[in-house]
Amino acid sequence: MLGSDKFGHIKLAPDDAILQTAIAFRNDSHTDKVNLGVGAYRTDEGKPLLFRAVKEAEKQILADPATNKEYLGIDGHLKFNKLAQELLLGESSSAVLEKRVASVQTISGTGSLRIGAEFLSMFFNPSCVLISRPTWGNHITIFERARIPVKYYPYWNPKTKGVDIEGMINALNDAPEKSIVLLHACAHNPTGVDPTPDQWERIADVMARKDLLPYFDSAYQGFATGSIERDAFAIRMFISRGFQCVISQSFAKNMGLYGERIGALHIVCRTSEIADKVLSQLKIVIRPMYSNPPMHGALIAAKVLEDPALKNIWLSELEQVSQRIIQMRRVLLEELVRIETPGDWTHITSQIGMFSFTGLSPAQCENMIKKWHCYMLTNGRISMAGINSRNYQHVARAIKDSLQIREKL
Ligand SMILES: Cc1ncc(COP(=O)(O)O)c(C=O)c1O
């Protein structure tokens, strides 16, 4: 080889924990193996789901002679941006009507968070971002990469297996000036517990008093409760109270468009003039990163949202998806009770969204994986989408057995 060694000093990076779980699951030949690590919806047959509305939208797009593969603008597909904005904020939102929202299409939720964090780093000069402990692991790295110091607010109370609302309020109260607060809009990942409407109001009270900037991550709208409106409650309430805010939106879960990488970033401003300037700068952030976003996912999402018949099909599919998950929570809880599993497991049904934080210790999770072939994260998170009518009894037995591994829950 020519010249000096240019890359030999590079150390092997550790695998992503979620990816590692997926590989271990794939390599296991046991017939009763269960994938509780998966972050994507699975049908009762354990298969990925292609939404009927999405399939139909795709068919129409391909049949349309006007369809082409030209570049989109830096900010993406404009009709998609508008429809995505309305889905999230509501068509009658004052922010939408007053054109106070700067919206850009992004590379799904992750890309949106990365652009949002970069924008805030460049234009808001934040002292830090406060992130829930625990959170989706990528949040931390995304903000660190954007040179924003990361701090935490307590979120999970292991005793009540619910939101540590007092801990959270205290941390927000102590937040430095010009802090960003990252909030999961609904279906908190990994805990599956959300603040109640009253608790959201308390969060808004302290944030208003301290003049903190809310940053909502909305990766599960409609997926959590089956209702688009209910899952947007917190965002809409903050905006109706007059907050300026940043929102990252993903269509990965709620349209099953994981691999299409379709999402949006919305920045709610005080005036439409400010929103125009914000939009112009967002384009400057995006241009040197990837120039402009991909088109196919935007065409699909826009078609589903704009066509009333397709939208209705989608909404009813979304309802079915969330209901299957709720049903799996119920059958798992009933089975845990039936086989007399020690402890209170009602958090399985009170938590919402794709994930449940079981409260199992790392050693107990190891037992789930090694002895029972139930693949999950060692922080105790299981994906309810991995549970179905054929494996819930196996999962319940695995949990009961793992509790014998003595360690503090
Ligand atoms: C809380 C949260 N935010 C954002 C994302 C981003 O997902 P994507 O980039 O696939 O839209 C995820 C995905 O699992 C998530 O759980």
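The legends below describe close-up views of a predicted model.

**Figure 1. Packing of helix α3 against helix α10 in the predicted model.** Helix α3 spans residues 78–89, and helix α10 spans residues 233–240. The two helices pack at an angle of about 90°, with their axes 8 Å apart. Helices α3 and α10 are therefore roughly perpendicular to each other. On the α3 side, the contact is formed by E86, L87, L88 and L89, which meet I235, R236 and I239 of α10. Sorted by class, this contact between α3 and α10 holds five nonpolar and two charged residues, with no polar residues.

**Figure 2. Crossing of helix α8 and helix α10.** Helix α10 also meets helix α8, which covers residues 197–210. The axes of α8 and α10 come within 11 Å and cross at roughly 40°. Because of this angle, α8 is oblique to α10. The crossing of these two helices is right-handed. From α8, the residues P197, W200, E201, I203, A204 and M207 take part in the contact, and their partners in α10 are F233, A234, M237 and F238. Nine nonpolar residues and one charged residue make up the contact of α8 with α10, and no polar residue belongs to it.

**Figure 3. Contact between helix α12 and helix α13.** Helix α12 comprises residues 296–306, and helix α13 comprises residues 308–338. Their axes are 5 Å apart, and the helices pack at an angle of about 100°. This angle means that α12 is roughly perpendicular to α13. In α12, the contact involves K303, V304, L305 and E306; in α13, it involves P308, L310, K311 and W314. By class, five nonpolar and three charged residues form the contact of α12 with α13, and no polar residue is present in it.

**Figure 4. Surroundings of the ligand.** The residues around the ligand are S108, G109, T110, W136, N189, D217, A219, Y220, S250, A252, K253 and R261. For T110, an N or O atom in the side chain is 2.5 Å from an oxygen atom of the ligand. S250 also places a polar side-chain atom 2.6 Å from an oxygen atom of the ligand.

Key. Residues numbered from 1 in each chain as written. Predicted model: local features only at pLDDT ≥ 70, side-chain atom pairs only at ≥ 80, totals over all residues. Heavy atoms only, no water. Axes fitted to C-alpha atoms, helices over the stretch in contact; angles between N-to-C directions. Helix = DSSP H or I, 4+ residues; strand = E, 2+ residues; numbered from the N terminus. Parallel < 35°, antiparallel > 145°, perpendicular 65-115°, else oblique. Left-handed = near helix turned anticlockwise from the far one by under 90°. Contact = heavy atoms within 4.5 Å. Nonpolar A, V, L, I, M, F, W, Y, C, P; charged D, E, K, R; others polar. Near = heavy atom within 4 Å. Polar contact = N/O pair within 3.5 Å; in protein donor to acceptor, adjacent residues only side chain to side chain.
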